[in-house]
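Let's walk through this model by asking what holds its parts together. Keep the viewer open as you read.

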Amino acid sequence: MMMKKSLQLILLVLCLSGIGFGQNTIVLQPNTDAPVIYANIYGHFAEHLGSCIYGGFYVGDTSRIANTNGVRNDIIDALKKLKVPNLRWPGGCFADTYHWKDGVGPKNNRPAIVNRWWGGVTEDNSFGTHDFLNMCELIGAKPYLAGNVGSGTVQELADWVQYVNAPANTSPMSKWRVQNGRTNPWNVTIWGVGNEAWGCGGNMKPEYYANVFRQYATYMTDWNNSDKLFRVASGANVDDYNWTEVLMRDIPHNMMEGVALHHYSFVKWSEKGSATDYNEQQYFATMKTALRMEELVTRHSTIMDKYDPAKRIALVVDEWGGWYNVEPGTNPGFLYQQNTIRDAMIAGVTLNIFNNHADRVRMANLAQAVNVLQAVILTNKEQMILTPTFHVMEMYNVHQDAKLLPIQIKTAQYTMGNEKLPAVSASASVNKEGITHITLTNIDPSKPQEISIDAKAHAFKSVSGRILTAKKLQDFNSFDNPNLIQPAAFSDAKISGTSLIVKLPPHSVVVLALK
């Protein structure tokens, strides 16, 4: 009886200590038939919105800020460190108002454009096709061009493809490119055929858009290069499963390489709340919408499997991230927001979901790269800071082009009233050098989580790690304190026989390397 009471007391102490004891287990499974985690899952997004392009990426070649052809050198260096695989441009909603021919040729001859979607500002078109594609070369990223279907023409998009891809002087568009200073083609392969056709891209019905897509896709290629382009259809808004069904049913699969999906994380769409001054209830609500990505990816993938069991067509989540109210005193149309540990949690769980669905999710784009929504970089004149989201994206890039290591996970619950969310999120991969990487996120803001990882199928001899966390959920890197949050060495992972024991602090992201 005394032994039983002692055991009950020990368990009570463990429970009261807040440690997730015996509730978190992960089994690393064999990966013989597992897919590769495509690097393109870690893509980014640069829209003509607020100060993402003008005043963010692009300061002009006469700026006193160090630049290459007008693009900030510090941003180029940061994104190279991030290993950005692809960059989407020029939108977003802006894409379906953008006419690319207005953004080439001598800058002083380019017509201005009113950015009707984002703040109503007038832009001078000084940043155009050459500027963007040359910037991608500096970063080492593949360009993802979003074509104008909403207010453009089939001819306009076909001409753009020819302008950037045709060999020098072999066509009217390639001759024009040479005249504008670029001899060799950029060979752009990734193309969006419109954006959010259900909304700002034309308020179309899916059946109508499917026919429009077929028309545009036809003239983007010819008999010889139909297999050289990756054409992404404007996909569903969150849980519009009928949209995906219609596109997969009505568009010939040899004309489409990807179907898009957009989903953001927020407190309430009508009451998004502050990016930095939020309570735990608002945090929980945000993480609930973030974790919904699992359901969305699963259900859209199931529809795609029905029509494409070979999984030839990719699910492309080309807009995702946190969306809050803008910072006080800033233009509401510029979507400028700070970035806290909450955003690191969103990035950690979302990237784990994408990794674990790498058989269908083969490209994604965080919204957005600089100064907009869940940005990885914020600028203020000469200053530049890296956000917590930047650090998570950098930590997780070890998964790029590595082979998925499937996992089975059992996790403790993070509770708020009568609602529950899984506290721990994880994914794993093995790279070409044979190193296994495991990424872990504990979203619980108050309870650490102990995880037992079963690695019987792997003879690990060493483990090292990095962690991103902070004292408070609301902490962020500011221009006055730019390095408050940054990765640090992590030592709370120990190999014990055939298991790995990991202790995750509250609201933390960890990456482990096992050899």
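The sulfur of Cys52 sits 12 Å from the closest cysteine sulfur, in Cys136, and that is too far for a bond. Cys136 has Cys52 as its closest cysteine sulfur, again at 12 Å. Cys52 is buried, with a relative accessible area of 0%, and Cys136 is buried too, at 1%. Here buried means under 20% relative accessible area, exposed means over 50%, and partly exposed is anything in between, using a 1.4 Å probe and protein chains only.

Before going further, some bookkeeping: this is a predicted model, where local features need pLDDT of at least 70, side-chain atom pairs count only at pLDDT 80 or more, and totals for chains, interfaces and linings use all residues. Residues are numbered from 1 along each chain as its sequence is written, and side-chain values use heavy atoms, with hydrogens and water left out.

So which cysteines do bond? The structure has 1 disulfide, a disulfide being a pair of cysteine sulfur atoms within 2.5 Å. Cys93 and Cys200 make it, with an S to S distance of 2.1 Å. The link is left-handed, with -85° about the S-S bond. It connects distant parts of the chain, 107 residues apart: Cys93 is in the loop between β5 (86–89) and β6 (113–114), and Cys200 is in the loop between β9 and α6 (206–220). Those labels come from DSSP runs numbered from the N terminus, with helices (H or I) of at least four residues and strands (E) of at least two. Both Cys93 and Cys200 are buried.

Next come the charged contacts. There are 22 salt bridges in the structure, each one a side-chain nitrogen of Lys or Arg within 4 Å of a carboxyl oxygen of Asp or Glu. Take Arg182 and Glu137, whose closest N and O atoms are 2.8 Å apart. Arg182 lies in the loop between α5 (172–179) and β9 (190–193), while Glu137 belongs to helix α3 (residues 129–139), so this pair ties together parts 45 residues apart in sequence. Arg182 is buried at 16% relative accessible area, whereas Glu137 is partly exposed at 47%.

Now look at Arg360 and Asp305, which form a salt bridge at 2.7 Å, N to O. Arg360 is in the loop between α9 (341–356) and β13 (361–366) and Asp305 is in helix α8, so the pair ties together parts 55 residues apart in sequence. Arg360 is buried, at 1% relative accessibility, but Asp305 is partly exposed at 28%. These two also belong to a salt-bridge network that includes Asp308, Lys311 and Asp359.

Finally, turn to the sheet. An open sheet is built from 6 strands in the order β16-β20-β21-β27-β23-β24, with antiparallel pairing; two strands pair if DSSP finds at least two bridges between them. Its edges are β16 (403–404) and β24 (488–490), each with a single partner strand, so one side of each has no neighbour in the sheet. Strand β23 (residues 463–468) pairs with β24 over 3 bridges, and Gly465 stands opposite Phe490 in β24.

What lies across these strands? Helix α10 (residues 388–396) lies across β21, β23 and β27, running at about 160° to β23. Angles like this run from 0 to 180 degrees between N-to-C directions, with axes fitted to C-alpha atoms, for helices over the stretch in contact, and contact means heavy atoms within 4.5 Å. α10 is mostly covered, with 9 of its 9 residues buried, among them Phe390 and Tyr396.
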